Amino acid sequence: MSTTTWFILLLVVLLLAVVAFVLIRRLRRRGGVIASRDKR
Amino acid sequence: MKVLLTAAQLSRLPVVTVQGGEDVAEVRDVIYSPEAGSLLGLTLNKRGFFAGRRREVLPADAIHAIGRNAVMIPDESSLAEPGSAPDAVGQPPSGRNVIGNDVLTEGGVRLGTVRDLALVVGSRGEVVGYQIDKVGGGEGYIPLPAQLAVSGVALVVPNATEDFVRDDLVGLGAAVEEFRTQLGLA
């Protein structure tokens, strides 16, 4: 493979890593609805 | 002014100070008391696209008002360190997220799964019911106090709840009073 092909491949991998990072970061920000443990 | 909201609508709302107009955080988790039917507090994210969780929490007592578009607090000192906040808010119990819980009657009938929590908000927050994905398809609302137990896996409700599943939030408002009367709580 030529140097250009390797370079494009590297760019694609980097792009995917950035997208994965952003998605994980956004998912971790999602909250929930938490029921407290009421004392009876 | 009182507004009917779901927890999903409340989540991600900005937390804004009344005094400075500063946008200091955004809502992450909604913590409520299933027995008292009240909002206990909120955990927070920092502002910004990449920002993570904020250490401080927001107890319900420190909230000035909750509206459709923002949670208002007097100033940033209203946010509390986890150690100084009530335990339920400062150290929220793990494994108690009700979203996705099965809704089962005490007679063993599965009504659906919990999709969201319905709240009436204003100067304080009151939990009025659960939004569910019904077994037969579509969404429904069941009034609170409906649950006999909440485990983080299943929500066990009285058999009578089956008759009080409503198709929309407006119907839920009327059903809450009727249901409380039937259970002898009103």
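Visitor: Which residue is the bridge partner of Gly41(B) in S5(B)?
Guide: The partner of Gly41(B) in S5(B) is Pro59(B). Please note that this is a predicted model, in which local features need pLDDT of at least 70 and side-chain atom pairs count only at pLDDT 80 or more, while totals for chains, interfaces and linings use all residues. Residues are numbered from 1 along each chain as its sequence is written, chains are lettered from A and ligands numbered from 1 in the order in which they are written, and side-chain values use heavy atoms, with hydrogens and water left out.

Visitor: How many bridges join S4(B) to S5(B)?
Guide: Five bridges join S4(B) to strand S5 (residues 53–59) of chain B, and the two run antiparallel. Strands (E, at least two residues) and helices (H or I, at least four) are DSSP runs numbered from the N terminus, and two strands pair if DSSP finds at least two bridges between them.

Visitor: And how does S3(B) pair with S4(B), parallel or antiparallel?
Guide: Strand S3 (residues 23–33) of chain B pairs with S4(B) in the antiparallel sense, over six bridges. Tyr32(B) stands opposite Leu39(B) of S4(B). The hairpin of S3(B) and S4(B) has four residues between the strands, and Gly37(B) takes a positive phi near 65° there.

Visitor: Why is S4(B) largely enclosed?
Guide: Seven of the eight residues of strand S4 (residues 38–45) of chain B are buried, so the rest of the structure largely encloses this strand. Buried means under 20% relative accessible area, exposed over 50%, and partly exposed in between (1.4 Å probe, protein chains only).

Visitor: New topic: how many residues of chain A are in contact with chain B?
Guide: 16 residues of chain A are in contact (heavy atoms within 4.5 Å) with 32 residues of chain B. About 2100 Å² is buried between chain A and chain B, 47% of it on carbon and sulfur atoms. Buried area is the accessible area (1.4 Å probe) that two parts lose on being put together, summed over both.

Visitor: Which residues of chain A lose the most area to chain B?
Guide: They are Arg29(A), Val33(A) and Ile34(A), together 38% of what that side buries.
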